[in-house]
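I opened this notebook to record what I looked up in one structure. The entries follow the order in which I consulted it.

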Amino acid sequence: MNYKIYDDYGNLTWDSYYHYDGINYQKAVRKDLGYFAVNNIYDKKVLTSREYLDEDEIWVINQSQGYASVDYTYDSQGRIVDETYYDQEGYIINCTKGYARIEYLYDDSGNEKERVYRDKREMEEGLTDAFE
């Protein structure tokens, strides 16, 4: 069974899994994904972070995605400019697709023109200063 919570803007902020043991509902870790719940953090209508949690509500790696948390950064016009992936300890990690960060680049008209994929090694060497 899924238990979902939505905020006042209609955003899904909490999505967790339970099983019924014949008496009570118990927290259940999805074996195929490796987590109990997803905690989506919003700033009003903008998703700023997604966390995968175990039954103790501690970060855990989502087995299908390869990370425990992802942070999203937006520019002053509300366009996404960065996605960065983290392990359960809060360190930057490469996701299952092989990158640790996506940088979104826009042209002068505000149209997305390019996505730059960085792996953990590139980030540690300081090659991601384009937006700072």
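This is a predicted model: local features need pLDDT of at least 70, side-chain atom pairs count only at pLDDT 80 or more; totals for chains, interfaces and linings use all residues.

Residues are numbered from 1 along each chain as its sequence is written, and side-chain values use heavy atoms, with hydrogens and water left out.

**Entry 1**

I took strands as DSSP runs of E with at least two residues, numbered from the N terminus. I counted two strands as paired if DSSP finds at least two bridges between them.

I looked up strand β8 (residues 101-106) and found that 6 bridges join it to strand β9 (residues 112-118), the two running antiparallel. Within this pairing, E103 stands opposite V116, and I102 stands opposite Y117. The two strands form a hairpin with 5 residues between them, and G110 in the turn has a positive phi of about 90 degrees.

I then turned to strand β7 (residues 80-86), which pairs with β8 in the antiparallel sense over 3 bridges. Here the bridge partner of D82 is E103 in β8.

Is β8 buried or exposed? I found 6 of the 6 residues of β8 buried, so the strand is largely enclosed by the rest of the structure. R101, E103 and L105 point one way, I102, Y104 and Y106 point the other way, and all are buried. In a regular strand the side chains alternate between the two faces of the sheet.

**Entry 2: salt bridges**

I used this criterion: a side-chain nitrogen of Lys or Arg within 4 Å of a carboxyl oxygen of Asp or Glu. The structure holds 6 salt bridges, and I recorded three of them below.

D82 forms a salt bridge with R101, the closest N and O atoms being 2.7 Å apart. This pair links distant parts of the chain, with D82 in strand β7 and R101 in strand β8, 19 residues apart. Both D82 and R101 are buried.

The side chains of D75 and R79 also meet in a salt bridge, at 2.8 Å from N to O. D75 counts as partly exposed at 22% relative accessibility.

R115 forms a salt bridge with E112, and their closest N and O atoms are 2.6 Å apart. R115 is partly exposed, with a relative accessible area of 41%.

**Entry 3: aromatic rings**

I paired rings of Phe, Tyr and Trp (its six-membered ring) if their centres lie within 6.5 Å; planes under 30 degrees apart count as stacked, over 60 as edge-to-face and the rest as tilted. A search of the whole structure gave 10 aromatic pairs. Ring pairs link Y17, Y35, Y52, Y67, Y85, Y99 and Y117 into a cluster.

I next looked for charges over rings, requiring NZ of Lys or CZ of Arg within 6 Å of the ring centre and within 35 degrees of the ring normal. The charged end of R30 sits over the ring of Y17, 5.0 Å from its centre. The charged end of R79, the salt-bridge partner of D75, sits over the ring of Y106 at 4.4 Å from its centre.

**Entry 4: loops**

I checked backbone angles in two loop residues. K44 has a positive phi near 60 degrees, although it is a residue other than glycine. K44 lies in the loop between β4 (37-43) and β5 (46-53), and it counts as exposed at 56% relative accessibility.

E57, also a residue other than glycine, has a positive phi near 60 degrees. E57 lies in the loop between β5 and β6 (69-74) and is partly exposed, with a relative accessible area of 43%.

Which residue is 29 residues from L33 in sequence and 5.6 Å from it in space, C-alpha to C-alpha? I found N62. L33 is in the loop between β3 (25-27) and β4, and it counts as buried at 13% relative accessibility.

Definitions and conventions. Helices (H or I, at least four residues) and strands (E, at least two) are DSSP runs, numbered from the N terminus. Buried means under 20% relative accessible area, exposed over 50%, partly exposed in between (1.4 Å probe, protein chains only).
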